Amino acid sequence: MMRSPHRWLVFGLLLLAGCASSSQLARQSDEALEKGDLRKAYEKARRALDKEPGNAAARSAFANVATQLSDDYKGRVLRLAAVDTLAAARMALDFRSARTEFARYPVTLPEDPPYRERETRILGAAARIRYHEAGRSMAAGRPKEAMRRYEECSGFVPGYGDVDRKVVEAMERAIARVAVLPFENQVGVPGLGHGLSGRIGEEALRRAGSPALRFTR
């Protein structure tokens, strides 16, 4: 059966629309940036560079949007730091992840030593807060809570103080050890007790790696 030529035309137009050139994507990024849509601008510029890393328009578009994203992150981190150190530190970690992403592309962004110094102090302050909170949780007999706080402390500043040792200590105290004992068969059904205990043991082992049973052995 002959296909309609109009269907092929529509298919061709859709294919062309989905294959925008690097220069077209760079232009779309610039347009989105002018409208204040940083997310769309970044995605367009990133796609442009993925297609053609050496394209000058794509590199310019990426540099422009990455610079604005960086400024936006810095502003949010510093504003949060005035009211919530922990929230500011989490935002700073998000910004670090974004900088790692930016660094994958052949674009060099301007350094900002004053901001980096502030960021380091914010992360250090957040690590100190979480470390002391975790210590209080341990003293109050809440090792699971302490574990989560020590881990966040380490996320802010890897190797902070003796946090690695504290994480191990909190984990040891948080673990609940469970044993599956044989069931007593009081109904006379052959193999019932052994079958039940075996099935429960298998299920417990299968689920042992799930987050819900993190502290169960």
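The model is predicted: local features need pLDDT of at least 70, side-chain atom pairs count only at pLDDT 80 or more, and totals for chains, interfaces and linings use all residues. Residues are numbered from 1 along each chain as its sequence is written, and side-chain values use heavy atoms, leaving out hydrogens and water.

Start with the whole chain. It has nine helices and zero strands. Both are DSSP runs, numbered from the N terminus: helices are H or I with at least four residues, strands are E with at least two. Of the 217 residues, 33% are buried. Buried means under 20% relative accessible area, exposed means over 50%, and partly exposed lies in between (1.4 Å probe, protein chains only).

Now look at helix H2, residues 22-34. Its 13 residues reach 18 Å from first C-alpha to last, close to the 18 Å expected at 1.5 Å a residue. The expected span is 1.5 Å times one less than the number of residues. Ser22, Leu25, Ala26, Ser29, Ala32 and Leu33 are buried in H2. Seen down the axis, these buried residues fall within an arc of 120°, so they line one face of the helix. The arc is that of the directions from the helix axis to the C-beta atoms. An α-helix has 3.6 residues a turn, so residues three or four places apart point the same way. The cover over the buried residues of H2 includes helices H3 (38-51) and H4. After H2 comes glycine 36, with a positive phi near 85°.

Move on to helix H4, residues 56-81, which holds lysine 74. Is lysine 74 buried or exposed? Lysine 74 counts as buried because its relative accessibility is 15%. Beyond its neighbours within four places in sequence, lysine 74 is in contact (heavy atoms within 4.5 Å) with Phe95, Asp112 and Tyr115. Its side chain also joins that of aspartate 112 in a polar contact of 3.0 Å.

Finally, consider charge. Side chains of opposite charge can pair when their charged atoms come close. A salt bridge is a side-chain nitrogen of Lys or Arg within 4 Å of a carboxyl oxygen of Asp or Glu. By this rule there are 17 salt bridges. One links arginine 76 to aspartate 72, with the closest N and O atoms 3.2 Å apart. Both residues lie in H4, four residues apart, about one turn of the helix. Arginine 76 is partly exposed at 31%. Elsewhere, a network of salt bridges links Arg90, Arg130, Glu133, Arg142, Glu145, Arg149 and Glu152.

Notes: Polar contact = N/O pair within 3.5 Å; in protein donor to acceptor, adjacent residues only side chain to side chain.
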